[in-house]
Amino acid sequence: MEPDGYMERPIHLLEISPSGSLRLNPEAMKILSAITQSVLVVTILGPPNTGKSYLMNRLANQRKGFPVGPGNKPPGRRMWMWCLPHPHRGDQRLVILDVDGLETKEQGDDSTETRICVLALIISSIFMYNSKGGVDQQALDKLHFITKISRYVQMPSDAGEEGEFPEFLWCVRDSELNLWIGGFRLTADDYLLSNLTIRQVLARLVEICVNCMCNGQMIILENLCDIVLCRKPNVQLDQVTAGKGTKQVKRAKVERIVPLMNPSAGRAVYNVEEPVCLIENSASGELQVNQEALNILSEISQPAVVVAIVGLYRTGKSYLMNKLAGRQRGFSLGSTIQSHTKGIWMMCVPHPRNPDHRLILLDTEGLGDVEKGDEKNDSWIFALAVLLSSMLVYNSMGTIDQYAVGKLHYITELTELIKVKSGGGDDECMEFARFFPAFVWSIRDFTLDLELEGRKVTADEYLDNGLKLKQGTSKKIQDYNLPRECIRNYFPTRKCFVFDRPAEKEVMKNMDQLPDSSLYPAFVKQAQEFLEYVYSTAQIKRLKGGHTVTGRLLGNLARTYVDSIRSGNVPCLESTVHMLAEIENTAAVSEATKAYEGWMEEQVSLPTGTAEELSAIHNQCQSRALQLFMKRCFKDEGQKYQREFMSSVAKIYTNMCEKNRKESVDISSAIISGLGAVIKEKMQTGSYAKPGGYTEYVKDLAELVEGYRAKTGKGVQAEQVLQDFLEKKQQMSEHLRLFDKNMTAREKELAAERERAEVAEQERKGREEEKRAAEQLREDEKQAMEENVAHLKEKLEQDRRSLHQEHEKVLKQRLLEQKKLLEEGFHGRAKEIEQQIDSLKKQQKEMESPSYVDMVLDMAIVALPGYYKLIPASAKLVKTLWTKFF
């Protein structure tokens with residue numbers, strides 16, 4: 001019977017994708033999970049082709065196992081694993097890990113190598129580094145990634161000199177090092193058999209470490225044991241030494257997170273999962289954006305799901321946001337009557353449901369803070385929370401009554417603080433529903449029964465009842481209806497949650513330290529329902545037209561709005577989108593152009609053998625760069641930025657073609673010069689100026705041409721250079737024929753004709769070479785145009801779908817509001833909404849028309865660059881080409 005986790009041959013434990021991410025092999029994890037014995041883990045790393053696998057096979061007492069040699073390994077890079085019985089101890093297992101050769105380039109992103117090294121150090125009993133030659137400075141320089149481990153691992157504060165890492169064993173191959181130390185000879189067995197540290201939990205240890213690194217989290221060695229063994233995090237005492245007799249304060253341990261990226265030189269590494277102030281008040285009382293927050297957002301290229309919470313101060317907003325972040329602590333809670341949150345604070349965490357999205361949480365300062373007493377500031381904070389979020393949570397205490405709704409007067413002021421269009425318009429209130437977030441009302445410490453007129457109702461029905469309008473035209477009724485009308489008209493969807501009291505008053509002072517088991521079960525259940533709703537329904541933040549907002553774009557959005565407020569203007573949604581489009585599209589041109597240029601320099605080795613070879617690389621790089629540009633650009637009216645991008649790429653490619661020709665001329669000329677050294681020397685010494693000298697010259701020239709043609713790597717100008725050389729030699733040939741007395745007149749005439757024919761043939765080849773290059777350039781232009789049109793069509797289709805979704809959202813909201821108005825007896829207002837509904841349906845029908853995209857595409861193609869001469873710039877001819885291309 002084989003022991004647990006027995007393996008006949010190695011399999012990969014994890015593999016590295018082309019993008020650098022780490023993926024665990026479920027089969028390998030299953031094998032590790034089945035091992036109940038103590039294990040000795042030996043890992044080997046090192047540059048490629050240094051004989052690592054051979055050593056590991058010998059350690060396994062096998063001749064074969066790990067793939068040996070570059071030709072025997074599957075594509076990609078992997079960490080291989082082999083679990084075997086310990087050769088000397090029956091109650092122990094030997095786990096051998098062999099890592100495909102690490103890259104040791106001095107330039108480029110080495111974060112993958114560093115993360116592999118981190119994983120190996122943490123899970124190993126013995127860490128082996130394999131290299132060839134001596135242990136000198138060059139060999140040490142190849143270990144540079146070890147110096148960067150601190151980016152990913154946090155050592156315990158009380159770690160000793162030996163630290164928490166395994167024994168380090170350096171295997172030096174093909175070297176004559178002296179293995180004797182003080183008369184004692186070292187052996188591998190003596191070293192290996194003395195180490196046995198990790199027990200039973202290797203599979204979970206690997207999983208935790210890889211998940212941390214893939215999610216951008218720092219591995220904290222001090223916490224690792226508790227996490228692996230599924231213990232609750234220990235509560236530690238923070239020592240406060242500010243003064244004698246100061247009390248020790250209990251605080252839960254907080255994991256520190258750093259982004260998995262190589263920061264630019266001189267730039268700080270920001271903790272993207274710790275709260276940071278996004279918008280604050282300056283010393284003069286003006287709003288300002290915190291540069292640190294902008295730096296954090298600029299590194300987030302994922303789509304952003306933005307959830308903001310607003311409400312009166314001391315209503316428990318920060319607690320809900322910390323729960324959304326999946327953390328016990330984060331945003332400051334406080335336990336006094338003072339407001340703790342000032343301005344708008346931000347926390348960025350991975351989305352728990354969609355790994356491709358980023359969840360950005362905005363916690364606002366409490367509205368109505370008596371210490372602050374600035375209603376205008378409160379209004380702007382509320383407006384900014386609305387403008388920046390895709391879901392807005394309004395937090396209040398008690399019940400939905402006139403007092404609670406009255407405190408929402410900030411909503412009634414939004415029309416004064418926000419404009420949809422620069423010119424305004426009568427229908428702006430209805431247009432808010434296109435751009436405003438989903439609305440969630442959370443009611444804390446709710447003590448009533450959810451009943452209306454003797455029947456049980458849901459929280460949503462309770463909200464709808466609280467937002468009912470009253471009949472009448474008096475000032476009092478208008479004031480009563482106004483905030484309710486705003487909520488009903490501005491926000492596309494509404495949801496309500498009620499929460500019981502979390503716990504006893506005294507206990508609640510330490511809410512950020514309490515586990516769920518210390519809170520009332522009803523509250524815990526309600527909180528979980530709230531989290532599930534937000535995670536599953538909160539949408540990506542989008543701009544007008546449906547363009548996705550990334551973290552980077554959200555930072556620009558916040559800065560644009562705050563700058564507008566500081567200048568005394570009213571933020572305009574339409575103008576803001578135009579400003580952001582200019583910023584993003586300019587950056588898209590720059591980013592895509594630099595990417596194209598970098599890819600070309602990386603892949604092209606000049607001179608290329610043919611123009612087609614360079615063209616193939618150009619088309620591949622241009623296609624990738626165009627996708628990069630299209631992904632980032634939006635609202636490119638008139639294709640201004642697409643033209644700029646195409647023009648930049650065309651200029652770089654033209655320069656590359658010219659450089660390719662020049663390199664070819666230089667190399668070909670050097671080859672001819674080298675081969676022609678014998679002919680040049682004979683000419684200088686007069687060896688050809690004798691009877692029969694012309695025949696000798698022709699023979700030497702034929703050998704030169706044959707040798708030249710046999711040479712490879714001459715490039716695209718090879719025939720042209722040979723043509724120029726033969727033309728220059730014609731005068732010398734004629735001179736030698738004239739003075740060669742061994743030749744008859746007829747022989748001289750035939751030789752001249754033969755030479756002219758050879759030169760003419762070579763000239764034809766040179767023209768063909770040039771013609772082929774010109775045709776290839778025109779073909780490249782045509783292909784570029786076709787690909788641009790294809791991507792443009794795809795983007796227009798995406799824009800149409802986004803506009804369709806926008807219209808659907810507003811139309812649904814308008815239909816629902818019309819229905820409620822009719823139920824409440826407001827037939828006049830329902831009639832007004834009927835006109836809006838008809839207008840929306842008409843627009844929707846136009847967008848769904850098959851000719852909609854074609855019409856927009858025709859106009860867009862006409863605006864594309866004129867240097868693509870194969871594509872006539874007229875709408876009629878474009879329609880014909882449309883059929884051809886698609």
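Helix axes are lines fitted to C-alpha atoms over the stretch in contact, and angles run from 0 to 180 degrees between N-to-C directions. Helices (H or I, at least four residues) and strands (E, at least two) are DSSP runs, numbered from the N terminus. The model is predicted, so local features need pLDDT of at least 70 and side-chain atom pairs count only at pLDDT 80 or more, whereas totals for chains, interfaces and linings use all residues. Residues are numbered from 1 along each chain as its sequence is written, and side-chain values use heavy atoms, with hydrogens and water left out.

| Helix pair | Angle | Axis separation |
|---|---|---|
| α21 (residues 640-675) and α24 | about 45° | 9 Å |
| α23 (residues 693-710) and α24 (residues 718-739) | about 175° | 11 Å |

Angles under 35 degrees count as roughly parallel, over 145 as roughly antiparallel, 65 to 115 as roughly perpendicular and the rest as oblique. By its angle, α21 is therefore oblique to α24, whereas α23 and α24 are roughly antiparallel to each other. Where α21 meets α24, the contact (heavy atoms within 4.5 Å) joins Ser664, Val665, Ser668, Ser669 and Ile672 of α21 to Ala718, Val721, Leu722 and Phe725 of α24. By class, this contact of α21 with α24 has six nonpolar, three polar and no charged residues, where Ala, Val, Leu, Ile, Met, Phe, Trp, Tyr, Cys and Pro count as nonpolar, Asp, Glu, Lys and Arg as charged, and the others, Gly among them, as polar.

Confidence is expressed as pLDDT, the predictor's score for each residue from 0 to 100. The protein chain has a mean pLDDT of 75, with 73% of its residues reaching 70 or more. Helix α28 (residues 875-885) has the lowest confidence, at a mean of 28, and strand β24 (residues 494-498) the highest, at 94. Where pLDDT is low, the predicted coordinates should not be read in detail.
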